[in-house]
Amino acid sequence: MFNENGIQYKENVSLINGIISHDELLIIAEHLFENYIKLNDIIKDKFKFILVDEYQDTNELVIKIF
């Protein structure tokens, strides 16, 4: 939460308060899908199709997640 100079980083405070950015959400999602195979099965069983809007604007991490 604090570095050696006593500075409190905004990212740590946000995470402690349950607030994450869009980029952090993608990193967490990728980690979960990669490390918890059962999660993949749950999603496949729940949804027959997943539609992606604006595919041309989708970054590589989103493509990897899908």
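**Pocket and helices**

Mentor: The residues lining the largest pocket divide into six nonpolar, one polar and one charged (Ala, Val, Leu, Ile, Met, Phe, Trp, Tyr, Cys and Pro count as nonpolar, Asp, Glu, Lys and Arg as charged, the others, Gly among them, as polar). This is a predicted model, so local features need pLDDT of at least 70 and side-chain atom pairs pLDDT 80 or more, while totals for chains, interfaces and linings use all residues. Residues are numbered from 1 along each chain as its sequence is written, and side-chain values use heavy atoms, without hydrogens and water.

Trainee: Okay, which residues line the largest pocket?

Mentor: Phe33, Asn40, Ile43, Lys44, Phe47, Ile50, Ile65 and Phe66. A pocket is an open set of points on a 1 Å grid where a 1.4 Å probe fits, with protein on both sides within 12 Å along at least five of seven lines, and lining residues have an atom within 4 Å of a point.

Trainee: Where does the largest share of that lining come from?

Mentor: Helix H3, residues 37-46, gives three residues.

Trainee: Switching topic: how many helices and strands are there?

Mentor: Four helices and zero strands, in the pattern α-α-α-α along the sequence. They're DSSP runs numbered from the N terminus: H or I of at least four residues for helices, E of at least two for strands.

Trainee: At what angle do the axes of H2 and H3 cross?

Mentor: Roughly 100°, and the axes of H2 (residues 22-35) and H3 come within 5 Å. That makes H2 roughly perpendicular to H3 (65 to 115 degrees). Axes are lines fitted to C-alpha atoms over the stretch in contact, with angles from 0 to 180 degrees between N-to-C directions.

Trainee: Which residues meet there?

Mentor: Leu32, Phe33, Glu34 and Asn35 in H2 meet Ile37, Leu39, Asn40 and Ile43 in H3, where contact means heavy atoms within 4.5 Å. They divide into five nonpolar, two polar and one charged.

Trainee: And Glu30, buried or exposed?

Mentor: Glu30, in helix H2, is buried at 16% relative accessible area (buried is under 20%, exposed over 50%, partly exposed in between, with a 1.4 Å probe and protein chains only). Glu30 touches Leu61, Lys64 and Ile65, leaving out residues up to four places away in sequence.

Trainee: What share of the protein is buried?

Mentor: 9% of the 66 residues. Ile27, also found in H2, is exposed at 51%. Ile27 and Leu61 are 34 residues apart in sequence and 7.7 Å apart in space, C-alpha to C-alpha.

Technical notes:
Parallel < 35°, antiparallel > 145°, perpendicular 65-115°, else oblique.
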